[in-house]
Each structure stands twice: as structure tokens, then as C-alpha cells.
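Hi everyone, thanks for coming.

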Amino acid sequence: MVAGLTAAHFILVGLFRKLRQETVLQSSLLIAATGFALLLFSPGFVQAATGMVLVGAGLASTFPVILGIIGGHYPTLSGTAFSVALVIALTGNTLLNQLTGQLSQHFGIQTYPYTMLIAIVLMLSLFRYISTPKQTNE
């Protein structure tokens, strides 16, 4: 997973220059979901390792893209907005780690890919929700 994260960070530098952040984020989350699906259905080590590399590569763009979007929406309050985003991210990470630990303890580690797939679907749903232009009544 770390290898995927590292390689993806190098690739993302070029992608951010050519593609919209939203496109990179959605594509990256789909790559991560593919990695988790491969991990879930992998019959052997090579397939599982490939799945973990895809997971790392897919998740590498999420935080830089979100910080870029937040900075664009709140340029005068970017420090405060980044702090709020970090608090939300760290709280979510802590809760997700706790949930995964509890599920793994009660049902086994095989619940991990399902938990992460659900988290990715939620991230995509929230991103699409906040990216949808709001109609105003004027």
C-alpha cells in the first residue's frame, strides 16, 4: 500500500496539471475501490498485493484534492478551513479504525475490505453531493 501511495504521489504531480481535481479524485477513488475488490476476491498473495498497491495509489489523491478544493472555496479563511478539514479527517480516521477493529474482532479480518468499500462509496457520495451546483430561488 505504501508503494502505491508513493508512486501515485509522483504521478499526481503531472495529473494535477492536466486534469481537473474532481476528475482525479473520482478516478482515484474508483482505483481504490478496484483495489479493495481485488483484495476481497484475491485467491493468492500476488493478487492481494496488487490490490493493496491499487488501494494506496487510489487513496493518495484524496487529501491533496480536498485541501485544494477547500482552499479554492475559502481563500481568505484557508488556514481555518484547513484546520477544520484536518479535525474532520482525523476524527473520521479514528472512528473508522475503531469500527474496523471492532468488526475484525467480532467477525474476522475479512470484514476490512467491505468496511473500506463502504467508506469509499460514502466519500464519493459526499463529494458528488457537495460538487453539485445548488439552485437558488431568486
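Let's begin with a term for helices that pack: a crossing is left-handed if the near helix is turned anticlockwise from the far one by less than a right angle, and right-handed if clockwise. Keep that in mind for a few minutes.

Before we use it, a word on where all this comes from. You are looking at a predicted model, where local features need pLDDT of at least 70 and side-chain atom pairs count only at pLDDT 80 or more, while totals for chains, interfaces and linings use all residues. Residues are numbered from 1 along each chain as its sequence is written, and side-chain values use heavy atoms, with hydrogens and water left out.

Now the overall view. The protein chain has 6 helices and 0 strands, so called because helices (H or I, at least four residues) and strands (E, at least two) are DSSP runs, numbered from the N terminus. Read from the N terminus, the order is α-α-α-α-α-α. Along the principal axes, the C-alpha atoms fill a box of roughly 55 × 35 × 30 Å.

How much of the chain is buried? Of the 138 residues, 26% are buried; the word buried means under 20% relative accessible area, exposed means over 50%, and partly exposed is in between, with a 1.4 Å probe and protein chains only. The chain exposes about 9200 Å², and carbon and sulfur atoms supply 70% of that. Such areas come from the Shrake-Rupley method with a 1.4 Å probe, and for residues only the protein chains shown count as cover. As for contacts (heavy atoms within 4.5 Å), take those with a separation of 6 or more: residues 24 or more positions apart account for 63% of them.

Back to our crossing. Two packed helices are described by the angle between their axes and the distance between the axes. Helix α4, residues 62-73, packs with helix α5, residues 78-107, at an angle of about 145 degrees, and their axes are 10 Å apart. Here axes are lines fitted to C-alpha atoms, for helices over the stretch in contact, and angles run from 0 to 180 degrees between N-to-C directions. Which hand does the crossing of α4 and α5 have? It is right-handed. On the α4 side you'll find F63, L67, I70 and G71, and they meet A81, F82, A85, L86 and A89 in α5.

Staying in α5, have a look at L90. L90 counts as exposed because its relative accessible area is 55%. From L90 to L67 is 23 residues in sequence and 14 Å in space, C-alpha to C-alpha.

Further along α5 sits T100, which is buried because its relative accessibility is 12%. Which residues does T100 touch, not counting those up to four places away in sequence? They are Y112 and T115. T115 belongs to helix α6, residues 112-131, and is buried because its relative accessibility is 8%. Leaving aside neighbours within four places in sequence, T115 is in contact with L96, L99, T100 and L103.

Another residue of helix α6 is F127. F127 is buried because its relative accessibility is 3%. Not counting residues up to four places away in sequence, F127 touches E22, L25, Q26, I66 and I69. F127 and Q26 are 101 residues apart along the chain, yet their C-alpha atoms are separated by 8.6 Å.

One of those partners, E22, has another story. The side chain of E22 meets that of R20 in a salt bridge, at 3.5 Å from N to O. The rule asks for a side-chain nitrogen of Lys or Arg within 4 Å of a carboxyl oxygen of Asp or Glu, and the count comes to 1 salt bridge. E22 is partly exposed because its relative accessibility is 24%, whereas R20, at 55%, is exposed.

Finally, please find G51 in helix α3, residues 45-59. Is G51 buried or exposed? G51 is buried because its relative accessibility is 0%. Not counting residues up to four places away in sequence, G51 touches G35, L38 and L39. G51 and F36 lie 15 residues apart in sequence and 6.0 Å apart in space, C-alpha to C-alpha.
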